[in-house]
Amino acid sequence: MSEQDLDSAAADRLAAYNARRGELAELMGIELTHVEPALVTGRMPVSGNRQPYGLLHGGANAVLAETLGSFNAVIAAGPGRMAVGVELNCSHHRSARDGFVYGTSTPVHVGRTLAAFQIAITDEDGRAVCTARLTCMILPADSE
């Protein structure tokens with residue numbers, strides 16, 4: 001397989017993940033930019049996700065963090081399994097007023113039934129906006 005075929009296949013996988021990102025993530029403009037077991041990244045526009053004072057809403061940070069961490073958990077869980085969030089913790093460090101914020105999710109621990117991820121959210125200058133930790137339970141895909 002050529003490098004171009006690999007790039008095309010990776011782009012197709014990323015497009016498929018973005019198509020499954022969920023209604024809330026779509027509404028908030030969240031875009032996945034990289035998805036693999038050791039690293040999931042994405043971005044979200046500040047515009048449309050502000051609180052009344054013109055700052056990025058802290059809840060928007062939480063949605064970005066849970067979206068990226070959940071995709072990380074699903075990839076880590078593997079075929080025939082799903083992941084559901086059981087705890088999300090967010091520490092907000094600074095505000096953002098415009099542009100995009102960027103999130104990076106990395107595994108802290110991936111076990112048979114529980115997985116934890118750290119999500120770092122930064123502004124366009126690379127400054128910390130929010131640090132989050134998401135814990136997910138891993139279940140068979142037919143569980144509800």
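Residues are numbered from 1 along each chain as its sequence is written, and side-chain values use heavy atoms, with hydrogens and water left out. Because the model is predicted, local features need pLDDT of at least 70 and side-chain atom pairs count only at pLDDT 80 or more, while totals for chains, interfaces and linings use all residues.

Me: Why is Asn49 called buried?
Reply: The relative accessibility of Asn49 is 8%, and buried means under 20% relative accessible area, with exposed being over 50% and partly exposed in between (1.4 Å probe, protein chains only), so Asn49 counts as buried.

Me: Why is the pair of Tyr17 and Phe71 called edge-to-face?
Reply: Rings of Phe, Tyr and Trp (its six-membered ring) pair if their centres lie within 6.5 Å, and planes under 30 degrees apart count as stacked, over 60 as edge-to-face and the rest as tilted. The centres of Tyr17 and Phe71 are 6.0 Å apart and their planes stand at 85 degrees, so the pair is edge-to-face.

Me: What makes this pair a tie between separate parts of the sequence?
Reply: Tyr17 lies in helix α1 (residues 3-19) and Phe71 in helix α3, so the pair ties together parts that are 54 residues apart in sequence; helices (H or I, at least four residues) are DSSP runs, numbered from the N terminus.

Me: How do you know that the pair of Phe100 and Tyr102 is tilted?
Reply: The rings of Phe100 and Tyr102 are 6.4 Å apart, centre to centre, with 40 degrees between the planes, and the pair is therefore tilted under the ring definition.

Me: Why is Phe100 called partly exposed, and why Tyr102?
Reply: Phe100 has 24% relative accessibility and so counts as partly exposed, and Tyr102, with a relative accessible area of 31%, is partly exposed as well.

Conventions. Helices (H or I, at least four residues) and strands (E, at least two) are DSSP runs, numbered from the N terminus.
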